[in-house]
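Please read them alongside the structure.

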Amino acid sequence: MNQLIFIAKKEIKVAIRERLVISLGAIIILLLGVALYAGYISYRQQQQIITQTQIEKRQEWLNQGDKHPHIAAHYGTFVFKPKTILSLFDFGLDAYTGTSVYLEAHHQHEFMFRPAQDHSSMIRFGELSAALVLQVLVPLLIIFLAFASFTRERESGTLKLLMSQGTSFNTLTWGKILAYAVMLVVILLPFLLGLVLLSVSHMSYDVIPDIIVRVAMLVLIYGLYLCFFIAFSVWVSLRSGSGRNALLTLLTCWIFFAILLPKTVANLSESFYSLPSMREFKAQIDETKRNGLDGKTPRSVRMANLKKEYLEKYGVDSVQQLPFNFEGVSMQAGEEFGDQVYDYHLNNLREIFHKQNQLGSIASLFNPYLAVQHLSMALSGTDTHTFIHFEEEVERYRRELVRKMNQDMAENSKYGEFYGYKAGSDLWGEIEDFSYRVPTAWQLLSYYKLELISLMLWMALTMVLLHVANRKMKPIHE
C-alpha cells in the first residue's frame, strides 16, 4: 500500500512539474463552468417562460366565456413540456422534441417551437453542454496525461530502477491509475459540487421525483466511464514501445469511439429503418379515418351502425326519443375512433423509433461512449423514453378534456339544437390544469440494460487486459 501511494504521489508531482495537467485541467474547468452557467441561464429563462405562459393559457381556458362544450373542445388549450433541472447538464433531445403542443378535439397536433429550428446546421455536431465535455473532452485530457505513463519510464530508464527496488508491475500500474484518478477528481470536484448544489436547490419544485438518486447515478456512471479511459490509457502505454505509438493508438481509439462510430450508427439506423415524413404520416391517418381501419367502412357506415345500435338498445324509433343528446354520443364515438386510428399509426411510427434505438443500444456494447451518452440523457430526463412518456400523458389529458365536453353535451343539450345550449366556467373548471412528473430513474434505466452491461463489460475487459499485461511483464525485472 505504501508503495502504491508513493508511486501515485510521484506521478502527480511529475504531472504538476510538467504543467500539462494544470493547463489542460484549467481548460476543462473553464469549459465545464461555461457549459454549466450557460445551461442554468437557459434552463431558468425557458422555465420562467413556460410557467408564465402555462398560467396565461390556463386563465384563457377558464375565462373563455359561455359557449357550447364542443366549441370549447375546439377552442382547446396549450400544454408545455417543463424543463428538468438536470437538462442544464445534458441537453439531450430537448432541442429536437419541441416545448409546447396545442390540444383540441379530433386532432393530435405536433409539438412546436423546437430550439433546433433556430440553430444552424452546426447543431448536428452537438451543443456545448457539461455532458459533452465529460463524454468527449475529458477522455482526451486523460489520454494526454496517461499516454506516456509507462513509455516515459521505459525511455528514461527509471522503469528498470523501480523494478530493481522490488516494485511489481501490478503496484506500478495501479499507482499510476490512482494518481490520474486523484488528479481528475480534483479537476472535476468544483463542477460536481456546483451541479449538486443546483440540483438540490431546485429539488422541491422540479418535475424529477428522485433527483438525488439521479445525480448519484450520474456520478457513478461517469466515474466508471472515466476510470475506463484511465485504465485503458495506462494499458496502452504499458504495451507500447514508445510514447508516440501510445499517443497515436489512443487518439485513433478516441476518434473511432467519439466521432466515427456514433455517426455511422446514426446513419445506419436511418438507412435500415426510415421514418415517414410528417406529411406522409398525417396522410395515412386521414386515409384511415375516411375508410376505417379495415379500409372498407367509411364514416357514414360507422355512424349508421352506431345509430342503429342505440335505437335498438333503448327500444325507440328515432334519436330524438333517446334520453340524451345523440349528437354528443356520436361525437364522442368519432373521437374514440380517431384515437384508435392515431394510436395505430403512432405505434407503427414508434416501432421504427424502437428499432433505431435498439440498434444504438446494441452498438453501445462496442462503444462505451454511446453507452454513457444514452444513460446520461435518460438520467437527465432528456431522452426518447421520457419524451414518449410526456407525449402519452399529454394525449391522455387531451382525451379526458374532449370526453368531458362531449359528455356534458350529451347529458345537458337537446338533439338538433347545437347553438341553443351553452356551458360556463363551472364546466371549464372541472378540467384540472395539466401537470407532469417524469418517470423514476429505475423505470427509465430498465430501457437501457445493454448500456449498463456495456459499461461493466468494458471496465471488466480493461481490468483483465491490465492483469494479463502485468503478468507478462514480470520477467523483465528478473
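**Cavity, sheet and cysteines**

1. The largest cavity has a volume of about 70 Å³, and the structure holds 1 cavity of 30 Å³ or more. A cavity here is a set of points, on a 1 Å grid over the protein atoms alone, where a 1.4 Å probe fits but cannot get out; lining residues have an atom within 4 Å of a point. Points are joined across faces, edges and corners, and the volume is the space filled by probe spheres set on them.

2. This is a predicted model, in which local features need pLDDT of at least 70 and side-chain atom pairs count only at pLDDT 80 or more, while totals for chains, interfaces and linings use all residues. Residues are numbered from 1 along each chain as its sequence is written, and side-chain values use heavy atoms, without hydrogens and water.

3. Which elements supply the lining? Helix 2 (20-62), strand 1 and helix 15 each give at least two residues to the largest cavity. Helix 2 has the largest share, 4 residues. The lining includes Trp-61, Phe-78, Tyr-397 and Asp-433. Helices (H or I, at least four residues) and strands (E, at least two) are DSSP runs, numbered from the N terminus.

4. An open antiparallel sheet is formed by 3 strands in the order 1-2-3; strands pair if DSSP finds at least two bridges between them. Strand 1 (77-80) and strand 3 (107-108) are at the edges with a single partner strand each, so one side of each lacks a neighbour in the sheet.

5. Strand 1 is joined to strand 2 by 4 bridges, with Phe-80 partnered by Ser-100. Strand 2 (residues 100-104) is joined to strand 3 by 2 bridges: Glu-104 is opposite His-107, and Leu-103 is opposite Gln-108. The hairpin of strand 2 and strand 3 has 2 residues between the strands, and His-106 takes a positive phi near 75° there.

6. Strand 2 is largely enclosed by the rest of the structure, because 4 of its 5 residues are buried. Buried means under 20% relative accessible area, exposed over 50%, and partly exposed in between (1.4 Å probe, protein chains only).

7. There are 0 disulfides, a disulfide being a pair of cysteine sulfur atoms within 2.5 Å. The closest cysteine sulfur to that of Cys-227 is in Cys-253, 18 Å away and therefore too far for a bond. Cys-227 is partly exposed, at 35% relative accessible area. Cys-253 is also partly exposed, at 22%.

Definitions and conventions
1 Å grid on protein atoms, 1.4 Å probe; cavity = no way out; pocket = protein on both sides within 12 Å on 5 of 7 lines; lining within 4 Å.
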